[in-house]
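Here are a few exercises to work through with the model open in your viewer. Try each task before reading its solution.

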Amino acid sequence: MTELRLCDLVVRRDGTDRVRGVSLVVSPGELVVLLGPNGAGKTLTLRAGLGIEAAQAGTTLLGGKDTSRLSALQRARRVAYLPQSRPLAWPSRVEDLVALGRFAYGAAPGRLSEADSAAVEAALVACQIEALRHRRADTLSGGELARVHCARAFAAGAPLMVADEPVAALDPRHQFRVMDLFRTFVSKGGGALVVLHDIALAARFADRLIWMQAGQVVAAGSPEETLTAARLADIYGVRARVEGRSVEMLGFA
Amino acid sequence: MTVSRLLVPGLVLAAVLSLGLACLAGSTPMAPGRVLAALAGQASPADQVVVWQIRLPRALAAFAVGLALGGSGAALQGLLRNPLAEPGVLGVSASAALAATFTLYFGFAAHAPFILPLAAIGGALLATGLIALAALRTRSVVTLILIGVGLSSFSAALMSLMMNLAPNPFSLSDMVSWMLGSVANRSLEDLARILPFLVAGLVLLWISRRGLSALTLGEEAASGLGVDLVRQRLAVVLGAGLATGAAVALAGTIGFIGIVAPHLVRPLTAHDPARSLLPAGLLGGVLLVLADLGVRTLPTSVELNLGVVAALIGAPAFAWIAAQRRTGHD
């Protein structure tokens with residue numbers, strides 16, 4: 001059983017504490033959404049939690065093991081990471097990009113073991129991009145490209161997934177498609193930690209919401225428990241109408 | 001699919017053919033039978049000398065230089081995620097040539113035959129190290145290339161200064177030949193002296209090639225995939241520094257082959273930096289052997305320098321590749 005556990009994480013940048021004592025747990029079978037305004041420290045929390053960014057204090061455990069003691073490859077086999085910026089240096093083929101997800105298993109595009117090929121194939125099917133497999137990445141639409149990146153992350157076959165704004169700049173239909181991919185992943189026993197800016201989308205798909213403000217977790221729990229008009233006014237400074245899991249933004253608070 | 005599978009065998013064949021052709025052609029053309037006999041040690045002493053001491057060493061030197069520069073170019077392009085990154089453009093070749101010229105100017109090179117190659121490799125490593133340090137501070141590849149241009153210009157300025165102050169015409173002509181780049185009059189001993197560095201550099205690039213594929217997704221995603229970025233940078237910087245330094249020690253500065261060869265190969269390898277590495281090196285070698293063959297057989301009153309011809313063809317190609325770039329992520 002692999003869970004991601006952050007304990008009292010502190011990240012300091014340029015003399016100020018950007019993440020101030022964050023603790024959170026992502027368990028198998030749950031989709032956890034990290035919410036908070038720009039600059040709340042969400043991305044830094046993810047990066048430090050994965051051990052990609054150095055933390056000044058606190059511990060992060062992956063499946064009970066200290067992340068800082070894991071090699072980059074060991075970590076990559078436990079958790080797949082989809083960063084916020086997804087630049088592509090070369091007009092690579094879709095199936096080659098997805099194959100990069102198998103890097104931690106010693107694979108490379110064009111050099112896949114049977115298990116690697118099977119994982120790549122399954123990820124292509126799951127993300128409904130089999131038809132695009134021979135296309136060059138620079139010929140894809142934004143929605144198609146988002147699914148290619150998801151397929152790359154799913155192909156790793158890691159029990160955990162950390163994604164930073166995976167639906168940014170997508171239209172509503174493609175947002176649903178990508179979030180459906182995460183739901184399917186979770187329903188099969190995976191654990192996912194996803195940063196979102198769309199509160200309505202978060203409330204619809206998340207099992208648990210973690211609210212961050214100024215580098216701290218200010219609330220955590222199911223959407224029913226933690227999604228309130230007062231919280232939205234406090235954290236985001238917006239006026240909203242909330243009914244159960246549905247939200248309507250009305251304006252400035 | 002079939003094209004990419006035949007690419008490496010095809011290029012190996014082209015390399016063998018071009019090396020053979022370089023042995024056939026020259027001021028006294030020799031028939032294939034005579035060359036084969038000379039290679040097997042069965043020909044007249046004069047033929048043996050022409051093949052073993054003049055044509056073959058020169059062709060092999062051109063091939064080694066092209067292999068080193070093509071491979072280094074492909075690896076640096078993968079690391080910096082930009083098709084314009086290349087030892088020449090990044091100032092690596094110029095720094096290596098400066099260090100080599102330095103040993104010539106002060107007469108160190110005359111003390112022992114390995115001093116000049118070591119200096120060239122040291123200069124190349126210094127430049128790749130500086131570029132890698134700068135790469136830690138900036139994400140913009142354009143900035144890195146501009147730093148390389150600065151490095152290149154500064155090396156050129158110092159070389160001009162040394163030429164300006166050259167004590168006698170002999171050291172001046174030595175320095176000029178390093179600047180212009182040539183494989184004329186190279187012996188098998190010259191080649192053997194730089195071979196260990198060349199091989200070490202290319203092996204380093206070869207074993208770190210998988211990380212270059214992962215870097216297609218950007219540094220952050222690559223480190224998420226399990227690439228140790230520090231080790232990856234170090235391996236490519238060391239590998240490209242060693243290989244480029246060895247090439248400059250053998251032939252002086254020969255520019256643009258590190259851009260042109262990978263650029264031609266990339267569409268045939270699905271734009272994958274790892275799969276482009278070997279074909280880019282092989283094509284670089286073949287191109288330089290053929291270019292040197294042209295230099296040797298062109299009926300000019302003074303023999304042209306290989307580096308000059310490479311730049312005449314390569315610089316416009318560089319401008320063309322730069323113009324083709326879609327302004328996107330930097």
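**Exercise 1: a residue in a greasy patch**

Task: work out whether Leu195(B) is buried, partly exposed or exposed, and why.

Solution. Keep in mind that this is a predicted model. Leu195(B) has a relative accessibility of 38%. Buried means under 20% and exposed means over 50%, with partly exposed in between. So Leu195(B) counts as partly exposed, because of that 38%.

Together with Val199(B), Val203(B), Trp206(B), Ile207(B) and Leu278(B), Leu195(B) makes a nonpolar surface patch of about 530 Å². Helix H8 (residues 188-207) of chain B gives the largest share of that patch, with 5 residues.

**Exercise 2: where the chains meet**

Task: find how many residues of chain B are in contact with chain A, and how much area is buried between the two chains.

Solution. Start with the contacts: 28 residues of chain B touch 32 residues of chain A. Now the area: about 2,600 Å² is buried between the chains, and carbon and sulfur atoms give 58% of it. On the chain B side, Arg210(B), Leu217(B) and Glu220(B) lose the most area to chain A, together 28% of what that side buries.

Methods:
Residues numbered from 1 in each chain as written. Chains lettered and ligands numbered in written order. Predicted model: local features only at pLDDT ≥ 70, side-chain atom pairs only at ≥ 80, totals over all residues. Heavy atoms only, no water. Patch = residues over 30% accessible without salt bridge, like charges linked within 9 Å, V, L, I, M, F, W, Y side chains within 5 Å. Areas by Shrake-Rupley, 256 points an atom, 1.4 Å probe, with all protein chains shown as cover. Salt bridge = Lys/Arg side-chain N within 4 Å of Asp/Glu carboxyl O. Helix = DSSP H or I, 4+ residues; strand = E, 2+ residues; numbered from the N terminus. Buried < 20%, exposed > 50% of the residue type's maximum accessible area, 1.4 Å probe, protein only. Contact = heavy atoms within 4.5 Å. Buried area = accessible area lost by both parts, 1.4 Å probe.
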